[in-house]
Amino acid sequence: MIAIIDYDAGNLASVQRAVSHLGIQCVITKEEAEIKAAERIIFPGVGAAGAAMQSLRRNGLDRAIKEAFAIGKPVLGICIGSQIILAHSKENDTPCLGILDGTVRSFSPDRRSEKGQKLKIPHMGWNGLDIKKSHPLLSGVDADDEFYFVHSYYPEPQNPDCVIAVTEYGISFASILGLNNLFATQFHLEKSGRPGLKILENFCKWNP
Amino acid sequence: MLSKRIIPCLDVREGKTTKGIKFKNNVDIGDPVDMARLYYEAGADEIVFYDITASYEKREIMLDVVRQVAETIFIPFSVGGGIRTVADMRNVLLAGAEKVSVNSAAVKNPDIIAQGAKAFGNQCIVLGMDAKFVGKSKATPSGYEIYINGGRTPMKMDALNWAIEAQKLGAGEICLNSIDADGTKAGYELNLTTLISEEVDIPVIASGGAGTPEHLRDVLTLAKADAALIASMVHYGTYTITEIKSFLEKSGVKIRKTW
């Protein structure tokens with residue numbers, strides 16, 4: 001069973017629908033016991049880092065996620081889930097889980113594209129990946145595949161070895177992070193069509 | 001680099017897709033869930049649904065459509081039409097839409113944008129705008145006036161000022177429809193789109209007037225729109241999304257090529 005962690009961060013049902021569409025059982029839960037019993041966990045979400053961390057701590061889920069990572073359970077973070085695994089977020093100046101060292105930063109409003117056009121915030125829409133390290137979860141993903149992003153902040157891990165892929169939006173930022181049994185995407189796997197579902201499916205079968 | 005989005009728009013009346021010209025003479029053209037699936041498989045980057053059901057009591061039908069669409073396609077989609085309260089927004093989002101679009105209700109009560117943004121995040125709230133060229137006046141310094149009620153009621157409100165105000169209130173995106181261009185297939189209103197795109201910091205979806213791939217190229221490059229809404233040019237099979245996208249790619253527009 002896959003546990004989708006419920007921390008009042010919205011769009012959980014979208015992830016559940018995508019996993020169910022793949023024919024895989026999953027449950028949305030905020031029960032520590034259920035998360036401990038799960039074979040693998042997903043923590044998706046939209047929203048602000050401050051509110052997300054507050055809700056995780058209130059329910060003891062920060063411990064549950066860290067413990068799942070520590071014992072080697074496959075862990076997938078999506079969107080804000082790829083940010084709060086770092087030590088700190090500039091959004092609401094929030095201390096985060098600290099599974100990876102690093103900081104979550106905001107896009108600067110003054111950035112311009114190569115053509116000098118003002119870049120809009122949030123970074124919203126389809127964008128590609130520049131894959132830095134091959135990873136089993138990327139099997140079946142083509143070089144031209146694009147993914148759906150909606151975010152104003154991005155993760156900046158300290159250790160470059162954790163960066164699986166980067167994406168260009170005024171700057172080059174880490175759009176996939178990975179360490180051992182942890183995999184995290186800044187983009188929405190559940191809203192990225194065929195390649196998004198492919199990564200989700202790979203995760204559901206992954207034995208790191 | 002971010003791709004420009006191509007977004008089919010489905011008008012839905014009592015659970016059926018319909019198409020009218022200048023908001024009138026609507027005829028049913030199919031099942032919205034089937035059409036959404038076909039466009040998803042054909043490479044649409046997003047889908048917009050407008051519920052044009054006249055009766056408030058029959059709006060539950062649309063929520064059923066949204067639930068079925070959410071189980072069928074795995075790209076973002078938004079729902080607009082008849083959204084009047086934060087509770088309406090919540091119902092649509094819980095049914096599985098990525099975003100909700102408000103139009104007339106936001107003109108009458110701008111605070112609904114702020115309330116929606118606070119409850120669900122800016123990225124969920126799209127401001128739908130129907131604008132018409134009326135010439136510059138004291139009430140409309142940009143020359144474009146806001147209309148509500150499906151383009152029937154002029155509001156003596158300036159389109160550009162309204163776009164800027166909506167962004168301040170927390171709208172995450174603007175879907176900008178030209179009443180003059182809508183249904184004409186003669187091209188988007190490039191002046192209007194440029195005016196709004198250059199002044200706001202949030203993405204702008206251009207709407208109304210698409211008839212050929214050249215029209216999309218122009219609005220996405222010259223008029224700086226972030227996305228282009230299309231309807232009849234794909235609903236009736238005149239063009240496929242692949243044809244439109246390959247034309248845009250050849251014209252140097254960055255688009256999503258694989259799906």
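User: Which residues of H3(A) are buried?

Analyst: This is a predicted model, in which local features need pLDDT of at least 70, side-chain atom pairs count only at pLDDT 80 or more, and totals for chains, interfaces and linings use all residues. Residues are numbered from 1 along each chain as its sequence is written, with chains lettered from A and ligands numbered from 1 in the order in which they are written. Helices (H or I, at least four residues) and strands (E, at least two) are DSSP runs, numbered from the N terminus. Taking buried as 20 or more other C-beta atoms within 10 Å of a residue's own, with C-beta atoms placed from the backbone, the buried residues of H3(A) are Ala49(A), Ala52(A), Met53(A) and Leu56(A).

User: Why do the buried residues of H3(A) line one face of the helix?

Analyst: The arc is that of the directions from the helix axis to the C-beta atoms. The buried residues of H3(A) line one face because, seen down the helix axis, they fall within an arc of 95°.

User: Within what arc do the buried residues of H4(A) fall?

Analyst: Good one to ask next. The buried residues in H4(A) are Leu61(A), Ala64(A), Ile65(A), Ala68(A) and Phe69(A). Seen down the axis of H4(A), they line one face of the helix, because they fall within an arc of 135°.

User: Which residue with a positive phi follows H4(A)?

Analyst: Let's take the two helices in turn. H3(A) is followed by Gly60(A), with a positive phi near 70°. After H4(A), the residue with a positive phi, near 90°, is Gly72(A).

User: Which element of chain A has the lowest mean pLDDT?

Analyst: pLDDT is the predictor's confidence in each residue, from 0 to 100. Chain A has a mean of 93, and 98% of its residues reach 70 or more. Among its elements, strand E14 (residues 182-185) of chain A has the highest mean, 98, while the lowest, 89, belongs to helix H3 (residues 49-58) of chain A.

User: What is the radius of gyration of chain A?

Analyst: The radius is taken over C-alpha atoms, and the globule rule is 2.2 Å times the number of residues to the power 0.38. For 208 residues, a compact globule would come near 17 Å, which agrees with the value for chain A, 16 Å.

User: How many residues of chain A are in contact with chain B?

Analyst: Two residues are in contact if their C-beta atoms, placed from the backbone, lie within 7 Å. By that rule, 26 residues of chain B meet a set in chain A that numbers 30 residues.

Notes: A residue is buried if 20 or more other C-beta atoms lie within 10 Å of its own, exposed if 12 or fewer, and partly exposed in between; C-beta atoms are placed from the backbone.
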